[in-house]
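Please keep the sequence and the structure in view while reading.

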Amino acid sequence: MALTETTTTPPANMAAGAHAARRSGVEHKPTRAFVPDPYLDLATYSADADLLTLSLGPQHPSTHGVFRVVLYLDGELIVKAVPHVGYLHRGVEKLCEKLSYSNITPILDKNDYVAPMCNEQAANMAFEKLMKIEVPLRSKFLRTLLAELQRIASHLLWLGTFAMDLGGALGGGTSVFMYCFRERELILDLFEELTGCRFHYNTHCVGGNRHDIPAGFPALVHQTLNVIESRLSEYLGMLEHPIFRDRTRGIGTVDAELALELGLSGPLLRASGIDHDLRRDAPYHIYDLLDVRVATDDAGDCLARYKVRLEEIRESIRLCRLLVDNIPAGPICSTKPLSNVVQFKVAAGQAYVAIESPRGELGTWLIAGGNKGQSPYRMKIRPPSLHALAAVPYLFPRHTLSDAIAILGSLDPIMGEADR
Amino acid sequence: MLYLTATLHSLFSTLRESLKKPTTVEYPKFVRTRAPRLRASFALTKDPAGDENCIGCKKCEKVCPSEVIALTTTKKPSPITGKSRGYASDFTLNLQGCIICELCVQVCPTDAIVMVKDQQVPGFTREDLVLTMDKLYANGDNKPRLAWANASVLSEHQNPERKNA
Amino acid sequence: MAELLVNPWLRGLLHGALLITVLMTAVAWISWFERKFAGRVQSRLGPTMVGPSGLLQPLADALKMFQKEDIIPRGADSRLFRLAPPLTLFLALATAAVLPITPGMLASDLDIGVLYALAFSGLLSFPIWVAGWSSANKYALLGGMRMVAQGISYEIPMVLSALVPVVVTGSLSLSDIVKYQASHHWLVFSPPGIGIVAFLLFFTTSLAESNRIPFDIPEAESELVAGPTTEYTAIRFGLFASAEYAHSVVSCALASALFLGGWDGPWLPPVVWMLLKTAALFILVTWVRWSLLRLRSDQLMALCWKYLVPVSLGLLLLTGVWVHFAG
């Protein structure tokens, strides 16, 4: 790695960057006065009331990753919640400023460590847009297939940890957790067949993919999906229990207004009634050829988010089945194979690309021109989990501690991408 | 009551699962087969004549995002052909920092460094996890453990002219 | 030796010592059973390394627990902190004193056996709350408060449903209740329909009393780390864990004595029947634990006060009416 310089002056055309407008179809003009802490009823709250300050600290069995929330409890009821992020900050964006474009992908794998394919795809799509490189059709099919498989795996992990949050690390929740992970292992085995790694694949490159599908892969995918679908219905019955319904109905309701103001996306947004999915509204890869059925729900509570994610698993299974049978022949990468550290030099330019990761809109904003064009001048990752965590001060109050854990689980934050 | 029927349903789900064969196996007694493309550790290869493939070009050292490879280049005559060519001396790869990204395998011009499909990677001391030249060549001599991927195969996959019927 | 057994005090002492030994050994191997069962339910093997099929795992766990450092937090009330674990274990084991194991073997043939057993198992919320209070830890305090609320609330339906066999047999002495079931039919079948509901109610409330899922909100691991026992290490924690299992086992034994006939049964010796019934109920307890999610504390309270208390009151009333008219 011989890239030791970092330029401090921005490239010339930075101010003139134009970002492509997205066809989202969602117009939002804020209609209510934005109050930082709307649930903290200042008329009834007094600073020296007998509140218990509990720090749901960074080290806790059920905060997803290292996340700290300082709760002010009145008995069992939460009056105020203050989230603290940053415990997993590793300076990834700064690190990207000294890595060459082909070296950034393995580092960004570690952002959203539950769905690494999405990180890789978002970043490489931004690079391709910057360098105006067109990805071959087979690679687009492959990327879509991998994204949908990763969505299934990520939602299975979410389901398991959500059940564990609700039901105990030593109890019925753990049983559901183990079943979900057993299914997820099947998908990880698929990824191992394709790339060689179960996690952190480094299988995307600027211009396409690096690994082509092996012989017998479509049959393996079908077999895996059949097993997952049949087993899913088996143990989902365990979550149809009234205890689960009571723990999640009406808890952590996100209304549409709050979702739009905080920039929530993904299942959180769709569970609040807003029908917005980047796969359908701003298609990338080959989503314009597929008819993605977007699941929405109106309630906005934890149960709605659970239902939306479950529907997404089923929809992804259906999409994967369609995709894996129809992958066209051809190359998978339109740029030459990597043979040197520095493969691309881009003096100037900007790009923003957003994809629909299992958590929401994962975006990469890129300004080129650092290090004599070898690395980005600035690489900004827009993590959906950070915006989800911004909803915590709005959702936690007026619920009890048990509900807080359920809400945090249903927001599905991954601290790796929230903190980078 | 709904509670009772749902509870009975949950109970019978877990009972059904408990009567099936467990998915987990005891590892040292039973090692499950991994994918052919599994990448776990590294090896340095020799060509069919027995000469070391590595020419000490340092491309792997430069491309590694985690900077775990360190090698020094020397020029000396080859024991097989007699001609003077570049070699690597003191090749170390610190597995403790390696993120298994396969970029070093990708850039190697002579297919020298490859990955090894080996599950016995863990060691007891930190020195076990720093692969030195003799360990790397020992891995390379152990042909069944070599991975599917080397630079030629990866370049073939990423070839823009690939047909893939 | 026979003279020793004639003296009721010494006999009681001997039976009690035997009972405690058996209980504590059972508690140790119950953890093995629980882990194996949990493993099978979750599609994995349980402990397998220590001993054949992991049977010596409890020994390994006990050794591990003995050698851990005993930490008392600086702000903790150290006398109360040290008092809580042995008191919990004492109360859990003392409840077993009135359990009739065989027709002749009973540690203490009290006339008010049922009252004694229920009182001691009800007292158990107290030392756990003391543990939570004295730990100088907010999680522990929350857990302790939840324990007290849950413990004293679920006492009521427990007592009321335990009174159904008492009303039918007309005696508070457990050995009399079991003898009645040996000569008549098991009290789970009479009064018809009511007995089974009373049994289910007693079983559910004893789940709640021993903090088993779905009622384990005091020690909800995913929220409160370990609840009232968060700050306990080493053998102090071991005593708490043993007390929880011991309380579970004793509640199962109590339920089988009150409703399922205790040592009554054909062919096999009475002690085997008692063990079988207790074991069957305990397997049910474990099975429920690994299948259900946990109730939130206010839902737990709502379940108790809005559903279980009226149902148990109704059961008692119906039992009284049945006894009066059907005799």
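## The sheet of chain B

B:N94 stands opposite B:V130, a residue of β5(B), in a predicted model. The strand β3 (residues 84-94) of chain B is joined to β5(B) by 2 bridges, and the two run antiparallel; strands here are DSSP runs of type E with at least two residues, helices are runs of type H or I with at least four, and both are numbered from the N terminus. Two strands are taken as paired if DSSP finds at least two bridges between them.

Together, 3 strands of chain B make an open sheet in the order β2-β3-β5, with antiparallel pairing. Because β2 (69-77) and β5 (130-131) of chain B are at the edges and have a single partner strand each, one side of each is left without a neighbour in the sheet. As a general point, side chains in a regular strand alternate between the two faces of the sheet.

## Strand pairing in chain A

In chain A, strand β1 (residues 52-56) and strand β2 (residues 68-74) run antiparallel and are joined by 5 bridges, and A:S55 stands opposite A:V70 of β2(A). β2(A) also pairs with strand β3 (residues 77-84) of chain A, in the antiparallel sense and over 7 bridges, where A:Y72 has A:K80 of β3(A) as its bridge partner. These two strands, β2(A) and β3(A), form a hairpin with 2 residues between them, and A:G75 in the turn has a positive phi of about 75 degrees.

## The interface of chains A and B

The contact between these chains takes 50 residues from chain A and 44 residues from chain B, where contact means heavy atoms within 4.5 Å. The size of an interface is often given as the accessible area lost when the parts come together. Between chain A and chain B the buried area is about 3,800 Å², of which carbon and sulfur atoms give 51%; buried area is the accessible area, found with a 1.4 Å probe, that two parts lose on being put together, summed over both.

There are 4 salt bridges between chain A and chain B, a salt bridge being a side-chain nitrogen of Lys or Arg within 4 Å of a carboxyl oxygen of Asp or Glu. One salt bridge links A:R182 with B:E17, whose closest N and O atoms are 3.1 Å apart. The elements of chain A that give two or more residues to the side touching chain B are α2 (101-108), α5 (172-195) and α7 (242-248), and the largest share of that side, 7 residues, comes from α5(A). By class, the side of chain A that touches chain B has 22 nonpolar, 15 polar and 13 charged residues; Ala, Val, Leu, Ile, Met, Phe, Trp, Tyr, Cys and Pro count as nonpolar, Asp, Glu, Lys and Arg as charged, and the others, Gly among them, as polar.

## The interface of chains B and C

Here 15 residues of chain B are in contact with 13 residues of chain C, and the buried area is about 1,300 Å², of which carbon and sulfur atoms give 69%. The count of salt bridges between chain B and chain C is 0. The side of chain B that touches chain C has 6 nonpolar, 6 polar and 3 charged residues.

## Confidence and conventions

The mean pLDDT of chain A is 82, with 86% of its residues at 70 or more; pLDDT is the predictor's confidence in each residue, from 0 to 100. Over residues 1-25 of chain A the pLDDT is below 50, and this stretch has 54 contacts in the model beyond near neighbours in sequence. Chain C averages a pLDDT of 84, and 96% of its residues score at least 70. For the complex, the predictor gives an ipTM of 0.86 and a pTM of 0.87.

Residues are numbered from 1 along each chain as its sequence is written, while chains are lettered from A and ligands numbered from 1 in the order in which they are written. In this predicted model, local features need pLDDT of at least 70, side-chain atom pairs count only at pLDDT 80 or more, and totals for chains, interfaces and linings use all residues, while side-chain values use heavy atoms, with hydrogens and water left out.
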